[in-house]
Amino acid sequence: MNSGKLTVFYDGACPVCVRDRRWYEKLEEHTEDSVQWLDITGRDDELRQLGIDPYHALRELHVQDAQGQIHREMAAYILLMARVPILKPVAWLIALPVIRPTLAWLYHRWVARRLGKRNET
């Protein structure tokens with residue numbers, strides 16, 4: 001069940017993030033545009049006003065719900081995936097106590113590598 005529009009803060013300078021957004025949008029077309037995407041590039045002040053540290057915004061997915069609450073990391077993924085019927089089982093799976101911390105650890109390692117490569121160029 002949808003409970004208002006979500007705002008997803010994503011790194012528009014990250015090709016994988018942009019690809020993931022497009023993939024999600026294809027799946028989401030049946031959810032009545034319940035998600036707004038906001039590229040965080042160059043929006044540090046705006047992020048801070050929302051209580052989001054720009055450093056962390058590059059390292060963890062952040063989603064704002066319709067009530068203005070910010071969800072981050074795996075909680076953000078779960079909230080986002082639960083919007084799409086085909087992804088609901090995945091949202092349930094990654095919420096499991098053993099899987100959630102393992103995925104968070106793997107995700108942080110991947111992001112650190114991605115950002116390290118970006119800084120090398």
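1. Helices (H or I, at least four residues) and strands (E, at least two) are DSSP runs, numbered from the N terminus. By that count, the protein chain here has six helices and four strands. Reading from the N terminus, their order is β-α-β-α-α-β-β-α-α-α.

2. A quick word on what you're looking at: this is a predicted model, where local features need pLDDT of at least 70, side-chain atom pairs count only at pLDDT 80 or more, and totals for chains, interfaces and linings use all residues. Residues are numbered from 1 along each chain as its sequence is written, and side-chain values use heavy atoms, with hydrogens and water left out.

3. Of the 121 residues in the protein chain, 36% are buried (under 20% relative accessible area, with a 1.4 Å probe and protein chains only).

4. Now for the inside. A nonpolar core is a set of buried Ala, Val, Leu, Ile, Met, Phe, Trp, Tyr and Cys residues joined through side-chain atoms within 4.5 Å. The largest one has 17 residues, and Val8, Tyr24, Val35, Trp37, Leu61, Val63 and Leu80 have the most contacts inside it. At least two residues each come from strand E1 (6-10), helix H1 (15-28), strand E2 (35-39), helix H4 (73-81) and helix H5 (88-94). H4 gives the largest share, four residues.

5. Another core, of six residues, lies apart from that one; Leu38, Ile40, Ile52 and Ala57 are among its members.

6. Which residues does it touch, leaving aside neighbours within four places in sequence? Its contacts (heavy atoms within 4.5 Å) are Val8, Tyr10, Arg21, Tyr24, Glu25 and Leu80.

Key: Buried < 20%, exposed > 50% of the residue type's maximum accessible area, 1.4 Å probe, protein only.
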